[in-house]
Amino acid sequence: MFTRKYIELQAAEALSHAFRHHGEASVMVIGFDDYPALVEQVGEAKVAELGLKFARLVSGKIRREDSLGHFEPARFAIVAPGTTPAACITFSDRVRRAVAE
């Protein structure tokens, strides 16, 4: 999984390319709500394990040209070149449903 620094570089490139070519690009940050309470409830090791499972689930749903990286504790960022905000919302809904299952 990519680092935050790499994801930030990918986002800058995607947004710059979209601007130059009048295209689209989306950056989405997803993760767990109320991280401190989750750590308190199940422990940091378990939250880290859940984070890895979540990242695997998300990585199986993104396109080859998208980039997934660890953004901050329990938060992941996806850089999606050529993706409209509406498509980004649709994708986040698919991820939310997959996690709920």
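The legends below describe close-up views of a predicted model.

**View A. The open sheet has three strands in the order β1-β3-β2.** Pairing within the sheet is antiparallel. β1 (25–31) and β2 (67–72) are the edge strands, each pairing on one side only. From one strand to the next, the twist averages 25 degrees.

**View B. Strands β1 and β3 are joined by seven bridges.** The two strands pair in the antiparallel sense. Valine 27 stands opposite valine 79 in β3.

**View C. Helices α1 and α4 against the sheet strands.** Helix α1 (residues 4–20) lies across β1, β2 and β3, and runs at about 125 degrees to β2. Helix α4 (residues 85–100) packs on the sheet and touches β1 and β3. The direction of α4 makes about 25 degrees with that of β1.

**View D. Phe32, Phe54 and Phe76 are linked into a cluster by ring pairs.** A search of the whole structure finds three aromatic pairs. In one of them, phenylalanine 54 and phenylalanine 76 are tilted, with 5.7 Å centre to centre and 45 degrees between the planes. This pair links distant parts of the chain: phenylalanine 54 belongs to helix α3 (residues 44–59) and phenylalanine 76 to strand β3 (residues 75–81), 22 residues apart. Phenylalanine 54 and phenylalanine 76 are both buried.

**View E. Arginine 4 over the ring of phenylalanine 71.** Arginine 4 lies over the face of this ring, at 3.9 Å from the ring centre.

Conventions: Residues numbered from 1 in each chain as written. Predicted model: local features only at pLDDT ≥ 70, side-chain atom pairs only at ≥ 80, totals over all residues. Heavy atoms only, no water. Phe/Tyr/Trp six-rings, centres within 6.5 Å; stacked < 30°, edge-to-face > 60°. Helix = DSSP H or I, 4+ residues; strand = E, 2+ residues; numbered from the N terminus. Buried < 20%, exposed > 50% of the residue type's maximum accessible area, 1.4 Å probe, protein only. Lys NZ or Arg CZ within 6 Å of the ring centre and 35° of its normal. Pairing = 2+ DSSP bridges. Axes fitted to C-alpha atoms, helices over the stretch in contact; angles between N-to-C directions. Contact = heavy atoms within 4.5 Å.
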